[in-house]
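Here are my notes for a first look at this one. Keep the viewer open and go through the points in order.

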Amino acid sequence: MRRATRALLDQIGETDCETIGEGLLAQPANAISSGAYVLLGIWLVIRAIRNASTERPTAIAYGVALGAVGIGSIAFHGPMPAGARLVHDLTIAAVFAVIAARGIGQLRNWTQAETIAAAAAITGVVGVVMAISPEVGIGLSGVVGLTALLLEFSIYRSGRRDSMSTSHRRWLIAAFAFLALAGLANVLGRTDAPLCDPDSIYQGHAVWHVMTAAAFAVYGWISFDQAALPARRPGV
């Protein structure tokens with residue numbers, strides 16, 4: 001039984017290059033770098049609490065979701081308890097669920113309570129599917145993420161949000177650059193990839209953690225900063 005459990009735990013981190021050891025930090029670099037999500041999530045929550053935006057509850061929910069990604073990732077690469085994969089995958093989907101629910105809410109003029117309830121419902125449905133079929137986790141998160149992205153485009157095209165300032169556009173470009181660097185580091189640093197060194201403290205997947213955390217934090221900062229500005233009505 002113990003051998004079967006160990007084999008299962010090996011599977012959840014085996015594609016991320018770093019050697020899987022024992023103890024609370026089975027993959028030290030990948031586990032510690034996951035803390036970037038937690039720190040930046042806390043930063044967003046603090047900003048949201050201090051911000052006078054009418055979207056404060058959703059902004060807080062977004063920061064909490066981003067921080068939860070870090071907790072799930074630390075569990076996934078650290079102690080690797082039973083259920084770590086589900087928490088890891090579901091928290092990623094939760095970030096996208098908040099973005100998607102916010103988009104739908106703005107298109108349908110939902111209250112903040114309705115928006116947060118929708119985000120929770122989306123996350124719950126995704127969680128049930130992931131619990132039944134763990135192998136669809138990342139793919140399902142991608143579907144929710146793509147939906148959120150399309151909704152963001154629809155909202156800006158509808159005129160329900162002001163155009164971004166030059167400064168915000170530059171930071172958005174930086175966020176996409178972070179994502180591009182994250183993807184490159186992750187691909188080249190995966191298990192059996194050219195830059196994979198299982199025993200090195202420098203791990204491509206760790207870079208992925210830090211860069212994607214920065215990208216989502218920048219998005220949250222820009223998006224909810226923009227929400228604090230007077231919104232235009234469609235057609236105005």
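1. Let's start with the whole chain. Of its 236 residues, 44% are buried, where buried means under 20% relative accessible area, exposed means over 50% and partly exposed lies in between, with a 1.4 Å probe and protein chains only. Before going further, note that this is a predicted model, so local features need pLDDT of at least 70 and side-chain atom pairs count only at pLDDT 80 or more, while totals for chains, interfaces and linings use all residues. Residues are numbered from 1 along each chain as its sequence is written, and side-chain values use heavy atoms, with hydrogens and water left out.

2. What are the elements? The chain has nine helices and zero strands, and from the N terminus on they run α-α-α-α-α-α-α-α-α. Helices (H or I, at least four residues) and strands (E, at least two) are DSSP runs, numbered from the N terminus. Among the contacts with a separation of 6 or more, 73% are between residues 24 or more positions apart; a contact here means heavy atoms within 4.5 Å.

3. Look next at helix α3, residues 35–50. Its 16 residues should span 22 Å at 1.5 Å a residue, and the end C-alpha atoms are 23 Å apart, which agrees. The expected span is 1.5 Å times one less than the number of residues. The buried residues in α3 are G35, A36, Y37, G41, L44, V45 and A48.

4. How do α3 and α4 meet? Their axes come within 7 Å and cross at roughly 165 degrees, and the two helices are therefore roughly antiparallel. The axes are lines fitted to C-alpha atoms, for helices over the stretch in contact, with angles running from 0 to 180 degrees between N-to-C directions. Angles under 35 degrees count as roughly parallel, over 145 as roughly antiparallel, 65 to 115 as roughly perpendicular and the rest as oblique. The crossing of α3 and α4 is left-handed, meaning that the near helix is turned anticlockwise from the far one by less than a right angle (clockwise would be right-handed).

5. On the α3 side they include Y37, L40, G41, L44 and A48, and on the α4 side they include I60, G63, L66, G67 and I74. By class, the contact of α3 with α4 has 15 nonpolar, five polar and one charged residues. Ala, Val, Leu, Ile, Met, Phe, Trp, Tyr, Cys and Pro count as nonpolar, Asp, Glu, Lys and Arg as charged, and the others, Gly among them, as polar.

6. Zoom in on G41, which sits in helix α3. G41 is buried, with a relative accessible area of 1%. Not counting residues up to four places away in sequence, G41 touches G63, L66 and G67. G41 and A214 are 173 residues apart in sequence, with C-alpha atoms 9.9 Å apart in space.

7. Now follow α4 to its other partner in these notes, helix α6 (residues 112–132): the two pack at an angle of about 25 degrees, with their axes 8 Å apart. That makes α4 roughly parallel to α6. R56, P57 and T58 of α4 meet Q112, T115 and I116 of α6, and these residues divide into two nonpolar, three polar and one charged.

8. Is T58 buried or exposed? T58, in helix α4 (residues 56–77), has 1% relative accessibility and so counts as buried. Setting aside residues up to four places away in sequence, T58 touches V98, R102, Q112, T115, I116 and F224.

9. Finally, the loops. C17 lies between α1 (2–13) and α2 (28–33) and is buried at 6% relative accessibility. Phi of C17 is near 70 degrees, a positive value in a residue other than glycine. Most residues other than glycine have a negative phi. D192, in the loop between α8 and α9, also has phi near 70 degrees, but D192 is exposed at 76%.

10. D197 is found in the loop between α8 (166–188) and α9 (204–227) and is partly exposed, at 39%. Leaving aside neighbours within four places in sequence, D197 is in contact with C17 and Q203. D197 and E18 are 179 residues apart in sequence and 7.1 Å apart in space, C-alpha to C-alpha.
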